[in-house]
Amino acid sequence: MTHLPHLIIDLGLILGAAGITTLLFKKLKQPLVLGYIIAGLLVGPHFSLLPTIVELENINIWAEIGVIFLLFSLGLEFSFKKLVKVGGASSIMALIEVVVMLLLGYLTGKILGWTTMDSIFLGGILSISSTTIIIRAFDELGVKTQRFAGLVFGVLIVEDLVAILLMVLLSTVAVSQQFAGSEMLTAVLKLAFFLMLWFLGGIFLIPTFLRKASKLMNDETLLIVSLALCLLMVILAAQAGFSPALGAFIMGSILAETTKAEKIEHLIASVKDLFGAIFFVSVGILINPAMMVTYAGPIALITIVTLLGKAISITGGGLISGQGLKTSIQSGMSVSQIGEFSFIIATLGLTLNVTSEFLYPVAVAVSAITTFTTPYMIRLSGPLYQFAERVLPERWQKSLNEYSSGTQTISTTSDWKLVLRSYVINLVVYSVIVISIVLLSAQYLNPFITQNVVEGNLGDIITTVITLVFMAPFLWALAVHHPQKEAQGRIWANRNYRSLVIVLGFARIAVAILFIWFLLIQFFSVQLAFLVGLVIAALMVIFSKKIQRFYIRIENRFLRNLNAREIQEASKMHHTITPWNVHLTSLDVAPEAEVVGKTLYELQIREKYGVNVAVIERGDRTLMAPTRNEQLFPHDKLYVFGSEEQVEAFRQFIQAKSISPSDSERENVSLQKLQIKSHSVLLHKSIRNSGIREKTKGLIVGLERRGERILNPDSEMVFQEGDIVWVVGIPRKIKSLEGGDVQAMSA
């Protein structure tokens with residue numbers, strides 16, 4: 001008889017139990033994660049009625065692989081661009097929730113008499129909600145398109161990144177066994193440094209590699225290459241002293257920016273499902289039912305803390321960020337559970353041997369209970385809002401509404417804010433790049449040259465020259481590059497601020513010289529480093545033009561890689577009203593164009609070219625439905641509405657290259673269809689008196705009436721029942737006007 005290794009027998013038990021329980025849970029319409037956990041409980045050492053796994057150590061290794069692929073898949077869905085697009089409201093809500101739940105978890109643990117480390121990890125376990133469970137609940141309840149759901153998705157994105165940070169901080173605390181402020185700060189700065197370095201390097205190299213190798217890749221090779229990149233980053237993260245799961249998450253987020261992201265996500269899905277199932281089954285294997293009975297009281301208390309704490313903290317965060325009472329309550333009631341990351345954090349505590357054995361089953365029990373309560377909490381949000389509306393004094397409600405309206409107004413961005421922000425971003429990004437180049441040179445390049453090529457001072461000189469070649473474009477950008485030239489030019493035009501602009505310029509040059517000195521002291525004495533540094537700075541000034549061209553090529557390649565996915569998707573999609581063959585397109589105003597400095601009234605754009613300017617984006621400002629007195633400035637982005645011929649004629653006029661809107665632009669500014677019904681507040685009102693422009697900042701670009709189509713209707717036209725009105729603007733504002741009468745155009 002052939003002998004089977006225990007690993008294969010154990011794997012057969014795990015997958016067999018998982019298959020049966022998931023089919024059952026699918027039939028009962030319950031989360032599959034709970035099915036996996038119960039499967040683990042059935043084949044675990046604490047349940048004797050069924051065959052039990054033999055080698056738990058091997059299963060734990062498979063489970064670690066499962067965590068890696070779960071985080072890799074999460075990174076593919078995450079994307080750092082999504083984090084940038086989340087907005088302030090979701091960020092505020094998520095951060096308030098995390099801080100509150102960390103404190104509540106720690107205090108709850110202390111009240112129960114647990115150790116400090118158990119209490120700290122309990123706070124981390126309770127602070128992160130379950131993305132999988134929330135998305136499934138939203139789908140089942142049909143609320144995915146409601147405004148609060150968008151806020152909740154933003155909260156979950158921020159929480160994913162916070163969870164990664166928590167894993168690093170908890171590992172640091174576990175190793176040091178104390179709250180050392182310096183060690184915590186060092187861990188955070190180290191994480192930020194490596195995150196930025198890996199992301200910048202990954203975006204610069206990996207999309208280019210995938211693009212050049214695309215002709216050689218089929219589904220099989222792309223899957224192998226993706227898994228290889230994932231595991232290489234896992235090794236790199238482990239070498240840097242971080243969790244392997246962090247490396248998987250980072251590589252996933254890098255690949256999420258490539259044109260292959262969707263295909264990789266599709267190919268990796270089966271691998272993730274397999275190893276993810278093994279991980280969640282291993283969670284169940286570690287559960288001791290007797291311990292859950294023993295800790296029934298703490299489980300009940302922690303469940304109540306989770307449900308109330310998350311609901312109150314998210315609701316409070318929503319009110320603080322100006323989201324209104326109803327939206328805040330709906331958001332708060334949606335995230336009152338813990339899930340995947342909570343298991344990973346609990347596993348981390350066990351792996352590091354710093355938490356008690358009971359904490360793991362307690363976390364699983366709380367997760368199971370809160371998973372079942374999630375749909376009911378979401379349904380309860382409506383009645384709870386109605387109750388709050390009845391109970392709260394009218395004066396309070398009025399104040400909340402005024403506060404909410406005030407926070408929703410579009411804020412203007414001053415030139416100083418644009419310039420200073422660009423300086424800070426440049427300083428941080430280029431400092432990370434330059435420091436990493438110097439450290440890599442000192443750690444690896446110099447030993448290689450002095451041991452294998454040239455020994456002594458000559459080897460140090462060769463190392464310095466090679467390192468300076470790589471540093472030069474970033475030093476130039478740090479000292480000279482002005483990403484906000486127009487804003488700085490307007491500041492310079494004011495004589496009162498010129499001295500401050502000069503001081504900032506010298507400060508940037510001083511920082512660049514400081515980095516040159518930082519390189520030189522790695523290999524030479526301080527005095528010699530200072531003198532040579534001045535000579536190098538002078539040479540960089542002499543060769544400034546060549547260095548500038550080199551830097552621009554690097555920057556263009558990085559931006560092309562970063563935006564490749566959006567450019568590809570934008571080339572396939574645009575907003576069109578098919579019967580009229582007209583669409584919404586964005587155009588950039590060239591600095592040398594004749595339109596710069598002129599108002600829309602002076603240009604007579606609609607009269608001459610037949611197009612409407614619906615939106616102007618200027619830096620961080622967004623001007624919806626601009627008035628005729630609005631001036632155009634260099635690099636303004638105009639959203640114009642018209643036929644292809646009209647848009648092309650206008651494009652040539654402003655000498656701008658046409659750019660299709662990216663995903664985020666389509667989400668924020670799109671074409672909406674509004675139908676006038678018998679109960680509509682717009683019925684029998686003229687376009688001018690309807691208030692659409694004032695209330696929604698939207699622009700009416702077309703109207704259909706009894707089969708007749710009118711492009712750019714006159715402002716005196718009166719709405720009639722059955723009219724279909726086409727409006728360009730922000731969907732959220734337009735939907736607030738007529739509720740269900742508004743439909744978004746599908747691209």
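**Charges, rings and surface patches**

Student: What is the N to O distance where the side chains of D273 and K272 meet in a salt bridge?

Tutor: A salt bridge here is a side-chain nitrogen of Lys or Arg within 4 Å of a carboxyl oxygen of Asp or Glu. This is a predicted model, where local features need pLDDT of at least 70, side-chain atom pairs count only at pLDDT 80 or more, and totals for chains, interfaces and linings use all residues. Residues are numbered from 1 along each chain as its sequence is written, and side-chain values use heavy atoms, with hydrogens and water left out. For D273 and K272, the N to O distance is 3.9 Å.

Student: Is D273 buried or exposed, or in between?

Tutor: Buried means under 20% relative accessible area, exposed means over 50%, and partly exposed is in between (1.4 Å probe, protein chains only). D273 has a relative accessible area of 45%, so call it partly exposed.

Student: How many residues apart in sequence are the parts tied together by K310 and E97?

Tutor: The structure holds 3 salt bridges, and in one of them K310 meets E97 at 2.6 Å, N to O. Helices are DSSP runs (H or I, at least four residues), numbered from the N terminus. K310 sits in helix 14 (residues 296-320) and E97 in helix 5 (residues 88-111), so the parts they tie together are apart in sequence by 213 residues.

Student: And which helix holds D219, the partner of K263?

Tutor: K263 and D219 make a salt bridge whose closest N and O atoms are 3.8 Å apart. K263 lies in helix 12, so the pair ties together parts 44 residues apart in sequence, with D219 in helix 10 (residues 219-239).

Student: On to the rings: how many residues apart are F69 and F275?

Tutor: Rings of Phe, Tyr and Trp (its six-membered ring) pair if their centres lie within 6.5 Å; planes under 30 degrees apart are stacked, over 60 edge-to-face, and the rest tilted. That rule gives 8 aromatic pairs, and F69 with F275 is a tilted one, at 5.3 Å centre to centre and 45° between the planes. F69 is in helix 3 (residues 56-78) and F275 in helix 12 (residues 261-285), so the pair links distant parts of the chain, with a separation of 206 residues.

Student: Is F69 buried or exposed?

Tutor: Look at its relative accessibility, which is 6%. That makes F69 buried.

Student: Which helix holds both F194 and W198?

Tutor: F194 is partly exposed at 21% relative accessible area, whereas W198 is buried at 7%. They're 4 residues apart, about one turn, and both lie in helix 9 (residues 181-212).

Student: How far apart in space are L418 and Q484, C-alpha to C-alpha?

Tutor: L418 belongs to helix 19 (residues 415-452) and is buried, with 9% relative accessibility. Q484 is 66 residues away in sequence, yet the C-alpha to C-alpha distance is 7.0 Å.

Student: Which helix gives the largest share of the positive patch?

Tutor: The patch gathers K485, K545, K546, R549 and R553 on the surface. Patch residues have over 30% relative accessible area and no salt bridge, with like charges joined within 9 Å and nonpolar side chains (Val, Leu, Ile, Met, Phe, Trp, Tyr) within 5 Å. R553 counts as exposed at 56% relative accessibility. The largest share, 4 residues, comes from helix 24 (residues 544-562).

How values were computed
Areas by Shrake-Rupley, 256 points an atom, 1.4 Å probe, with all protein chains shown as cover. Lys, Arg positive; Asp, Glu negative; His and termini not counted. Charge placed at Lys NZ, Arg CZ, Asp CG, Glu CD. Helix = DSSP H or I, 4+ residues; strand = E, 2+ residues; numbered from the N terminus.
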